Amino acid sequence: MIPELKKILEEVALLQPPPDLESLNEIRLKYLGKKGSVTSLSRGMRGLPPEMKPEAGKLLGEARQRLENFIGASEKRIKQETVQREIESEFFDVTLPATQPSFGSRHPISIVMDEIVEIFISLGFQIEEGPEIENDHYNFESLNFPPEHPARDMQDTFQISGLPLLLRTHTSPVQIRSMEKYRPPLSVIAPGKVFRCDADVTHSPMFHQIEGFTVDEKVTFGELKGTLDLFIHRLYGPKTKTRFRPSYFPFTEPSAEMDVSCATCGGAGCRICKQTGWLEILGCGMIHPNVLRAVNVDPDKWNGFAFGLGIERIAMRRYGIGDIRLLFENDTRFLRQF
Ligand code: FA5
């Protein structure tokens, strides 16, 4: 054992500095690992005759000490060399332009929605909100849609399976909810999301409406037209043309739809206005007496007008957007333009 230890000491004295941590680890394992030569020899100490133990112990201690010194010094040197190499290889060009942080922008629907709300607030309307999940009573029945009436098919409804609930198809239920809360005279606008089973270039399954209504004594259809014309001229400028077409809604009588001249083609006809030169943006009318009765408001004393605007259509006309789906794809290249 003593000659073996002496041989190890000679080997250690001749060890070459290892180039990296991997080679250093190989040296560590060769001598000090579980199966390393120094480790095996120290296990063999127990079987040595007592007179040999002092010398063998001294040699063993020396071998271990030298190896630990060699390993410690090599490790320090290799780490320093690695850092030095990294410093020399990394190059920072301080003259390069910095990368621009990208900022988000407001969504065109939010921009238009806020603008419209502001116009109606300046006309004395108060804001109300209603739930997006409704029941048949608020979405249809109290708005004078009798059960099984074909008018229910006008708005293809998303029913919630297994529950007597639905996703509201319009913001008109907020008329009922507001009149249950406040007594007339009352002027309300109610912005929010609505849902219909409907999809093409001008129809989306989720879209935004703003409901507006006034209930007072002796309200006229002329006031409804005047309010909406004033609103459109503030929104699109005084030269914008509007037209009212007779229509049908169960909750208004008489009813109308209002179109505005198409801004994309200037009225000549294009894909957005389906070649008509006009874009339908809202439905409106005088509140049906049955709707007032449903909330215990006396229709012989009170009457009113109501309207429901489609926000996407208004934004499409404002920004010349040809396909409603662009508004919901969240492509930042598109959204950054607003
Ligand atoms: C209604 O929803 C009525 N509640 C409006 C109303 C309120 C009438 C008060 C009378 C009194 P209509 O289904 O026509 O009406 O929808 C109103 C507007 O929403 C339309 O003029 C259109 O601009 C928009 N709209 C309708 N369906 C969609 C859709 N799928 N995607 C985007 N916009 C739509």
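Figure 1. Histidine 170 places a polar side-chain atom 2.9 Å from a nitrogen atom of the ligand, and for glutamine 209 the distance from a polar side-chain atom to an oxygen atom of the ligand is 3.0 Å. The protein buries 96% of the 680 Å² that the ligand exposes when taken alone (accessible areas by the Shrake-Rupley method with a 1.4 Å probe; for residues, only the protein chains shown count as cover).

**Figure 2. The residues around the ligand.** Have a look at the 27 residues around the ligand: His170, Ser172, Arg196, Ser204 and Glu280 come nearest. A residue is near a molecule or strand if one of its heavy atoms lies within 4 Å of it.

**Figure 3. The open sheet of seven strands.** The order is E1-E5-E6-E10-E9-E8-E7, with mixed pairing. Strands are DSSP runs (E, at least two residues), as are helices (H or I, at least four), numbered from the N terminus; two strands pair if DSSP finds at least two bridges between them. Strand E1 (126–127) and strand E7 (242–249) each have a single partner strand, so one side of each lacks a neighbour in the sheet.

**Figure 4. Strand E8 and its two antiparallel partners.** E7 and E8 make a hairpin with two residues between them, paired in the antiparallel sense over seven bridges. Serine 247 is opposite serine 255 in E8. Strand E8 (residues 252–261) also runs antiparallel to strand E9 (residues 278–287), joined by eight bridges; here serine 261 has tryptophan 278 in E9 as its bridge partner.

**Figure 5. The open sheet of three strands.** Its order is E2-E4-E3 and its pairing is antiparallel. At the edges are strand E2 (133–135) and strand E3 (159–160), each pairing on one side only. E2 is linked to strand E4 (residues 165–167) by three bridges, and asparagine 135 stands opposite leucine 165 in E4.

**Notes for all views.** Residues are numbered from 1 along each chain as its sequence is written, and side-chain values use heavy atoms, leaving out hydrogens and water. As the model is predicted, local features need pLDDT of at least 70 and side-chain atom pairs count only at pLDDT 80 or more, while totals for chains, interfaces and linings use all residues.

Terms used. Polar contact = N/O pair within 3.5 Å; in protein donor to acceptor, adjacent residues only side chain to side chain.
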